[in-house]
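Have a look at the sequence and the structure first, and then read on.

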Amino acid sequence: MRTWIRRSLWDVVPRDQRDSDTAFRRRQMVAAVVVLVGAAILGWSLRLEPGGGTFYVAAVVLAGVWAAGAFLSGRLHLGRIAEGEAFVRPVVAPVLLGLLLVGVFVLGSLVVREIDPLADYVSSVLAYADEGSLTVLAVITFVNGIAEELFFRGAMYAAIPRHPVLWTTLAYVVATLATGNVMLGFAAIVLGAVCGLERRASGGILAPILTHITWSLSMLFLLPLLF
């Protein structure tokens with residue numbers, strides 16, 4: 001376990017993904033505009049009536065904004081991690097890491113549900129699962145997880161010259177806090193940091209995407225059982 005965690009989060013694979021000065025400035029401009037637009041849409045979407053059609057439209061629009069910003073910013077890379085003497089696409093390890101995060105959050109939820117103010121924040125998010133279609137919400141969760149990683153660990157990460165793990169995590173947290181929900185903000189700190197480290201180690205977006213969607217879909221189905 002220690003070995004694959006180290007390879008997933010710490011050991012940096014060799015790569016050359018340098019942009020020209022013009023391409024780098026374009027990434028920075030696109031990232032700055034898109035993160036502000038996305039935060040505004042996210043904040044608006046989680047203030048809509050749970051189960052309403054407008055909420056689903058807002059969620060799809062948000063995914064489109066993140067994805068469009070990612071592809072408009074420039075080249076994206078899938079990344080690789082070390083496996084013995086070879087470098088392979090990260091698939092199994094990110095999923096296992098996502099499940100490990102699920103276990104940590106489930107244990108944390110057992111504590112949070114005993115603290116009324118914090119439990120209320122979680123319940124307000126779960127209302128969207130209770131009132132709406134769980135199948136549709138699962139699809140939206142899946143698509144948004146991919147889109148968020150395309151942008152935050154793809155476009156924005158590549159647009160930051162120094163300490164990109166720190167700054168992309170901070171941007172992800174600030175965008176999430178536009179919802180006004182501190183528990184979502186806390187989850188964004190943990191998930192953003194882990195996905196940022198995966199991006200740093202692998203040099204690409206595949207590992208963060210797999211970890212994100214594994215975590216988010218699992219929590220979507222597990223949290224209603226705990227609260």
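Helices (H or I, at least four residues) and strands (E, at least two) are DSSP runs, numbered from the N terminus. One of these helices is α4 (residues 92-112), and L97 is found in it. Residues are numbered from 1 along each chain as its sequence is written. Keep in mind that this is a predicted model, in which local features need pLDDT of at least 70, side-chain atom pairs count only at pLDDT 80 or more, and totals for chains, interfaces and linings use all residues; side-chain values use heavy atoms, with hydrogens and water left out.

**The whole chain**

The protein chain has nine helices and two strands. Along the sequence they follow the pattern α-α-α-β-β-α-α-α-α-α-α. The radius of gyration is 17 Å, close to the 17 Å that the globule rule gives for 227 residues, so the chain is as compact as a globular protein of that length. (This radius is taken over C-alpha atoms, and the rule is 2.2 Å times the number of residues to the power 0.38.) Taken along the principal axes, the C-alpha atoms fill a box of roughly 45 × 40 × 30 Å.

Of the 227 residues, 49% count as buried. Here buried means under 20% relative accessible area, exposed means over 50%, and partly exposed lies in between (1.4 Å probe, protein chains only). A contact means heavy atoms within 4.5 Å. Among contacts between residues at least 6 apart in sequence, 78% join residues at least 24 apart.

Is L97 buried or exposed? With a relative accessibility of 5%, L97 counts as buried. Leaving out residues up to four places away in sequence, L97 touches W4, S8, L9, V194, E198 and T211. L97 and E198 are 101 residues apart along the chain, yet their C-alpha atoms are separated by 10.0 Å.

L184 lies in helix α8 (residues 182-202). L184 is partly exposed, with a relative accessible area of 24%.

**How the helices pack**

Axes are lines fitted to C-alpha atoms, for helices over the stretch in contact, and angles run from 0 to 180 degrees between N-to-C directions.

| Helix pair | Angle | Distance between axes |
|---|---|---|
| α3 and α6 | about 25° | 8 Å |
| α1 and α8 | about 80° | 6 Å |
| α4 and α8 | about 160° | 12 Å |

Angles under 35 degrees count as roughly parallel, over 145 as roughly antiparallel, 65 to 115 as roughly perpendicular and the rest as oblique. Helix α4 and helix α8 are therefore roughly antiparallel to each other. In their contact, P94, L97, L101, F105 and V112 of α4 meet M183, A187, V190, L191, V194 and E198 of α8. By class, these residues are ten nonpolar, no polar and one charged. (Ala, Val, Leu, Ile, Met, Phe, Trp, Tyr, Cys and Pro count as nonpolar, Asp, Glu, Lys and Arg as charged, and the others, Gly among them, as polar.)

Where α1 and α8 pack, R7, S8 and L9 in α1 meet V194, L197, E198, R200 and A201 in α8. This contact has four nonpolar, one polar and three charged residues.

Helix α3 (residues 53-73) and helix α6 (residues 134-158) pack at an angle of about 25°. That makes α3 roughly parallel to α6. Among the residues in their contact are F55, Y56 and W66 of α3, and F151 and F152 of α6. The contact divides into 18 nonpolar, three polar and one charged.
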